Amino acid sequence: MNGTFSVSLSGANAFGDFAREWRTRMGDTFALPSFSRTTVAGFAARSRGFRVRDLMFNRFENAAALRTAGLRVGTDDHVRLWIVHRGTWRFGEPGGIEHTAPAGRLLVQTGKLSHFSAAPRTTARVLVLPAAEIRRGRGMPASGPADTAEVRLLTAHATMVSRMLGGLGPAGVDAARDTLAELARAAVGGGLDDVEPLLSPALAQAARDLADGRLTDPALSPAALARKLNVSTRTLQRAFAREGQSLSAYIRDRRLDEARRALITPHRRMTISDIAARWQFADSGHFARAFRKRYGRTPTDYAATATPETDVA
């Protein structure tokens, strides 16, 4: 059984609608627990997730506080990775042991829970997979930072799977599932097999995500991204080569995209030289040559003829 879903719900019937969608897409293997009456009555959330074979991934944003209301949550043969981006996530294990994950933390938990809860306006991701996939050794921490290279790769790959799952054939589904498991092991163990071909798409996506947020940074380079992702520059370049594009070309094209948008901004105050400098082109002449090669016109001609409404990249 495989499937994806994306919902944004609030109102009197929000929880019931969410529960029905979850049951349809995730099945009994990943059944929802019982929730407190307060949670059900005030439920307002956004959820985007998928099931691929025996793995489940969900990104959840809740507007109001939520808490389960039962003696047990989950099963003994599952391990869960909780990645908290905003707010606070808490869960309890049988025996009264409580765990709290503030924003920026990864928590790993195996077996049944006694409960879990989240503060209002919490954003978290959870990956649930067979416990046999991840064997936590003695002394391995149950908690760690959520901004490691391994966790970045895991979330990047999960995002890709969410978008593409509906179009994958059986072999593609198997590859997506196995890569999720491999990346989960890397996230928990803190080590990444940087020559594993299955990891290349996730590695390339994580690099793109990082690059997109640093396009105006003069220090942005393949080497800088490789250091951030804790892999060699050669490994990162190899991941992009498998997709038919170099990382340097991706950075250049994205900078040209943003420069093009700046050129057609209504009532723009930046000169072409300003735009070239902001998007890290050596000078306006270098910018003009790269721009013309990509768009077939000089920046001056493009700005004079294109409009935000009619322009198409």
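Predicted model: local features only at pLDDT ≥ 70, side-chain atom pairs only at ≥ 80, totals over all residues.
Me: How many cavities does a search of the whole structure find?
Reply: A search of the whole structure finds two cavities of 30 Å³ or more. On a 1 Å grid over the protein atoms alone, a cavity is a set of points where a 1.4 Å probe fits but cannot get out, and a pocket is an open set with protein on both sides within 12 Å along at least five of seven lines; lining residues have an atom within 4 Å of a point. Grid points are joined across faces, edges and corners, and a volume is the space filled by probe spheres set on the points.

Me: What lines the second largest cavity?
Reply: Its lining is T39, G42, F43, A44, N62, A64, A65 and L66. The space in the second largest cavity is about 40 Å³.

Me: And the largest pocket, what volume?
Reply: About 480 Å³. The largest pocket has 27 lining residues, and W22, L32, P33, M56 and F116 lie nearest its centre.

Me: Which element gives the most to that lining?
Reply: Strand 10, with four residues. Helix 1, strand 3, strand 5 (78-86) and strand 10 (122-130) each supply at least two. Helices (H or I, at least four residues) and strands (E, at least two) are DSSP runs, numbered from the N terminus.

Me: Which residues of helix 1 are buried?
Reply: A14, F15, F18, A19, W22 and M26. They cover an arc of only 125° around the axis, which puts them on the same side of helix 1. Buried means under 20% relative accessible area, exposed over 50%, partly exposed in between (1.4 Å probe, protein chains only). The arc is that of the directions from the helix axis to the C-beta atoms.

Me: What is on the face turned away from the buried side?
Reply: The exposed residues R23 and T24.

Me: What do the buried residues of helix 1 pack against?
Reply: Strand 1 (2-9), helix 2 (37-41), strand 2 (45-52) and strand 3 (55-62).

Me: New topic. How many residues has the largest nonpolar core?
Reply: There are 63, and L81, L129, L229, L236 and F287 have the most contacts inside this core. Helix 4 (residues 170-189) gives the most to this core, with eight residues. A second, separate core of 29 residues includes A19, W22, F30 and L107. A nonpolar core is a set of buried Ala, Val, Leu, Ile, Met, Phe, Trp, Tyr and Cys residues joined through side-chain atoms within 4.5 Å.

Me: Where is T68, and is T68 buried or exposed?
Reply: T68 is in the loop between strand 4 (66-67) and strand 5. T68 is buried, at a relative accessible area of 4%. Beyond neighbours within four places in sequence, T68 is in contact (heavy atoms within 4.5 Å) with P33, S34, F35, S36, V73, H115 and F116.

Me: What is the phi of R53?
Reply: Positive, about 55°, although R53 is not a glycine. R53 sits in the loop between strand 2 and strand 3, and counts as partly exposed at 30% relative accessibility.

Note on methods: Residues numbered from 1 in each chain as written. Heavy atoms only, no water.
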